[in-house]
Amino acid sequence: MHKIAILQKYRGMGLKAVAASLVMAVCLQSGLIQAENADIQGSNGQTNNQRLETSIAISSNPQDVVSPTFDPAFAKNGVFHPLATKLYRNSKYTAYLPTHLPDIGWQFIKLNSRINENGYEIIGRSSTKAPTGSGMLETTSNSGSSTAGVALFRIQAKLQKQIHAVPSGSQLILEAKNWRFYASDAIAPAELMKLKKEVIAYNQFAAPVADSTGIVHITKGHATGDGSPNYKYHAEWSFGDETTYSFEATTTVGLTQFKSMLSSFRPVINLLDQADVVLLPTTQIIRVQEGKRDFLLSNENKKVPIAASVRKIKGVLYIPLKDVVRAIQGNMQYVTQKNGSFMYLSQRNNMKPTKLNLKTGTVYRNEKKLATYSLVTDHGTLMVPVTALSKLLDVQADKINTENKTMNMTYTSWYTSNTMSSESADAQYQVKVFSLVGPSFEYNNTALGSSNAWEYAGSKPPKGYSPLKYEVSTVHIPLVPGSQNRVELQTNDGQMKIVQSVNSTIDPNQVPFQLNPLPYLDGLNMNVQLVSDAERAWKGGYAEAVKDVMIRGDLKGSSMNSLRLNYKYVDKNGKVSTSNLVNIAATDQQFSYTLKPEKGKGTYIVSLVSPPKSYPLADQVTIVTFMVVFK
């Protein structure tokens, strides 16, 4: 059985059931789920996983693993990917993991875990050495038995119905959004007031974990070397079922990073069970340290060598440009022109490059001057100030940590995966997209061009994702009968585009007219009919012709004695012409107009429009829209 057939057969079951139904030759400690970012080619029900438009082919062998699509933070090469995969395959209930990691300077994260019938436990520690084995995950029979490195956090899940009671003597400092925040009575009043302000600011907009009820308990920790207060943080929550989750951060992590981690917990689920398309932002953190000749890729928990050491020149931190481009999987090209030498730079999904003048240090985009920087070379390696990276590659640089001389560079791009079908038997192509609220994307069918009038039906995101930030949007995209449909979903910033060719098998006579749903048009029945050359009468809102199409109908049920016809031409590249408006007179409330292919062969989007001032608050109202294809 081909993988496509497998996907269609088990789609409704969810991939956890698929995993249990297939024979899988996989080792969770090495090469876990090699097809995480995959592109399964097929005519229907296909799965396309992309990260920066990169894909790896999945074998058609039915014994291979069908790979789920996790949150981008748990995707392949990420710190939590092996653990997320292990929990997804083995945990009896939905696991939750943080998508944000603490900033521990020039060190690695080491994870120890165990899973049993009652739940799971994970301990995160800092380590000066890269983790062995899979590079991310070390499993022990007892997660507490591996004590190398400084403990940072502990994550647990247990099959218990109630959250543990808060120790007696604890003070309630805030109750909001089904969460309660307590502080130990050992914390002094002055410290407590400061803590309370920070907690209130943190919990201002949403619950720490979406859809949950929970508590946070803050206790006194060991004092720091300078005598400043130090605390431990313990959170516990549930979703109203029999599972309780907890997250505990040590004094090494601190309140700010505890809040960031707690708010970042997401369910380890196959997101393609919730939508046809996953389109989410993903953030890459590149950590540098002055004097070092490598990058620490925080999300991937590994170091990579670079061409020259990061160093300060006249108080400004300089970094090798080509290594930043490589880290974000971008592109760079050296070009010599009459007016000088230039470096063209682009992000993986951005087709509009930035131009850098190598002599003057001037940065251009779309031939517009953005800024000028001082450039240096180190044994042939081009070095740029970190402040230039935002203009060159949209890489944002934080301030330098004065204690450990490290600095984080952040790059945000898009992660996408989909199971969009390549066939449709309907006049409209329905797609559910899991993405940011807004929504964050636009859509069109190049066979019909873009109307710049998109409609979205939003619904709640999966449990554990805040509806203030995420949603599942359902869109309906009109199709033309045949295989010329090219459906495109593109992020609003233009950084990511998803393209799917669709063959519409609908009978051309079954394509309906697109009626305006305005209530005051309910009584208007125009009985529109499309008759092409050779006197062929079409039964719906679609017609094909060679020379012309007669459009006829009546205006019964209205006071109108004329109409206007508005049409746009769409060429084979999806380019839409400007509108063409034609007045149509009516005789005895009947009208007719012969449309000819004045713009050439192709698709014409035609609308019948009311005459001026026929309806209140509008100069013209579109009554009905249909398609005519000249071949």
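1. In this predicted model, Glu121 is buried, its relative accessible area being 7%. Arg114 itself counts as partly exposed, at 30% relative accessibility.

2. A second pair is formed by Asp211 and Lys460, whose side chains meet in a salt bridge at 3.9 Å, N to O. Asp211 lies in the loop between α4 (189-202) and β11 (213-220), and Lys460 in the loop between β32 (457-459) and β33 (470-478), so this pair ties together parts that are 249 residues apart in sequence. Asp211 is partly exposed, with a relative accessible area of 36%, whereas Lys460 is exposed, at 59%.

3. Glu300 and Lys302 also form a salt bridge, and their closest N and O atoms are 3.4 Å apart. Glu300 is buried, with a relative accessible area of 17%, while Lys302 counts as partly exposed at 38% relative accessibility.

4. Salt bridges that share partners join Arg114, Glu121 and Arg154 into one network. Over the whole structure, the search finds 13 salt bridges.

5. A separate point concerns helix α5, which spans residues 254-263 and is mostly covered. Seven of the 10 residues in α5 are buried. The buried residues in this helix are Gly254, Leu255, Gln257, Phe258, Lys259, Met261 and Leu262.

Notes: Residues numbered from 1 in each chain as written. Predicted model: local features only at pLDDT ≥ 70, side-chain atom pairs only at ≥ 80, totals over all residues. Heavy atoms only, no water. Buried < 20%, exposed > 50% of the residue type's maximum accessible area, 1.4 Å probe, protein only. Helix = DSSP H or I, 4+ residues; strand = E, 2+ residues; numbered from the N terminus. Salt bridge = Lys/Arg side-chain N within 4 Å of Asp/Glu carboxyl O.
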